[in-house]
Amino acid sequence: AKERVTQGREPLVGLQAWVGVLRDAGQVTEAQAVVADARHEHPGNMVLDQLAAELALVADQPDKVVELTRPWLQVESAASLPLRYVHAIAVGQIQGVTSAVEMMRKIHEERPEHVGAMLHLARWTSDTDRAGAAELAQQVVDREPVNPEALALLGWLYHQMGRDSEAVGLL
């Protein structure tokens with residue numbers, strides 16, 4: 001199976017594809033081992049560190065995510081944004097969302113179209129700024145009209161805001 005997935009691809013692209021197959025099959029530990037081997041062969045590779053961090057997030061290992069992403073936090077580039085994104089999620093899991101909101105806001109400012117950042121911000125600020133959270137959730141629905149997470153969140157926010165007729169149409 002690995003040969004079918006990786007054949008004819010650049011090595012790093014093939015590795016990413018194979019890791020995706022393993023992850024999607026629920027073999028996260030195996031995927032982590034493949035990435036760990038590649039990181040050992042190619043230390044300091046941003047793409048491999050990103051893969052490792054994403055797998056650690058899936059494996060509910062937020063401390064490992066922070067450890068993997070910390071070296072890339074000072075790299076202010078589009079290439080480091082995925083690492084900073086998973087770092088913010090992990091910090092939110094470890095320290096609570098208040099600590100991660102500003103990190104995610106910065107990502108949203110850099111890439112306003114980043115659906116994941118909009119959804120996390122909407123969820124994380126829904127108790128303190130329902131109108132702002134609803135606006136973010138609506139932006140996701142505008143971009144992805146069938147996104148179940150965005151629809152459920154927006155419906156719940158509308159309900160919390162007393163806009164039940166609008167909420168029913170979304171839920």
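Reader: At what relative accessibility does glutamate 113 count as partly exposed?

Author: This is a predicted model, in which local features need pLDDT of at least 70 and side-chain atom pairs count only at pLDDT 80 or more, while totals for chains, interfaces and linings use all residues. Residues are numbered from 1 along each chain as its sequence is written, and side-chain values use heavy atoms, with hydrogens and water left out. Buried means under 20% relative accessible area and exposed over 50%, with partly exposed in between (1.4 Å probe, protein chains only); glutamate 113 therefore counts as partly exposed, its relative accessibility being 35%.

Reader: Which residue meets the side chain of glutamate 113 in a salt bridge?

Author: A salt bridge requires a side-chain nitrogen of Lys or Arg within 4 Å of a carboxyl oxygen of Asp or Glu. For glutamate 113 the N to O distance is 2.7 Å, and the partner is arginine 111.

Reader: Which helix holds the aspartate that forms a salt bridge with arginine 39?

Author: The closest N and O atoms of arginine 39 and aspartate 49 are 2.6 Å apart. Helices are DSSP runs (H or I, at least four residues), numbered from the N terminus. The pair links distant parts of the chain, ten residues apart, with arginine 39 in helix H3 (residues 28-41) and aspartate 49 in helix H4 (residues 46-58).

Note on methods: Helices (H or I, at least four residues) and strands (E, at least two) are DSSP runs, numbered from the N terminus.
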